[in-house]
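Please keep the sequence and the structure at hand while reading.

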Amino acid sequence: MKIDSTKLPKHIAIILDGNGRWAKKRLLPRTMGHRKGAFNIRDIANSCNSIGISHLTMFCFSTENWNRPKEEVEYIMKTPIRYYK
C-alpha cells in the first residue's frame, strides 16, 4: 500500500492501555504485558519515523499507576526499552 505523505498528520498522540490485560488473557505475568507494550512503542516510533511523522506523544503512566504492586512499578520504571529483546 502506498502512503500519501501529504495526507499524514505531523503529530500523533497515543494513550497506552491494556498491557496487563493482554498478559492476563495469555496467562502471563503482567510484566510480560509491559514488555510487549515496549516492543510496540519501539515499533510505532520506528514506523512513524520511516513514513515522516515528525512528532509522537505517548502517555504511558498515569498517577493511578503508582498504586500498582511495587514490583510491577519498579519493572516499568527501571527497564529501559533498549533492553527489551
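Does Trp-66 count as buried or exposed? The model is predicted, and in it Trp-66 has a relative accessibility of 53%. Trp-66 therefore counts as exposed, because the cut-off for that class is over 50%.

Trp-66 forms an aromatic pair with Phe-61.

## Ser-62

Ser-62 sits in the loop that runs between strand E2 (55-59) and helix H3 (70-78). Its relative accessible area is 17%. Ser-62 is therefore buried, since that class takes values under 20%.

The side chain of Ser-62 makes a polar contact of 2.9 Å with the side chain of Glu-64.

## The largest pocket

The largest pocket has a volume of about 540 Å³, and 24 residues line it. Nearest its centre lie Leu-16, Asn-19, His-34, Cys-60 and Ile-76. Helix H1 (19-25), helix H2 (30-51) and H3 are the elements that each give two or more residues to this lining.

Which element gives the largest share of the lining? That share comes from H2, with 7 residues. Sorted by class, the lining of the largest pocket holds 11 nonpolar, 9 polar and 4 charged residues.

Definitions and conventions
Residues numbered from 1 in each chain as written. Predicted model: local features only at pLDDT ≥ 70, side-chain atom pairs only at ≥ 80, totals over all residues. Heavy atoms only, no water. Helix = DSSP H or I, 4+ residues; strand = E, 2+ residues; numbered from the N terminus. Buried < 20%, exposed > 50% of the residue type's maximum accessible area, 1.4 Å probe, protein only. Polar contact = N/O pair within 3.5 Å; in protein donor to acceptor, adjacent residues only side chain to side chain. 1 Å grid on protein atoms, 1.4 Å probe; cavity = no way out; pocket = protein on both sides within 12 Å on 5 of 7 lines; lining within 4 Å. Points joined across faces, edges and corners; volume = space filled by probe spheres on them. Nonpolar A, V, L, I, M, F, W, Y, C, P; charged D, E, K, R; others polar. Phe/Tyr/Trp six-rings, centres within 6.5 Å; stacked < 30°, edge-to-face > 60°.
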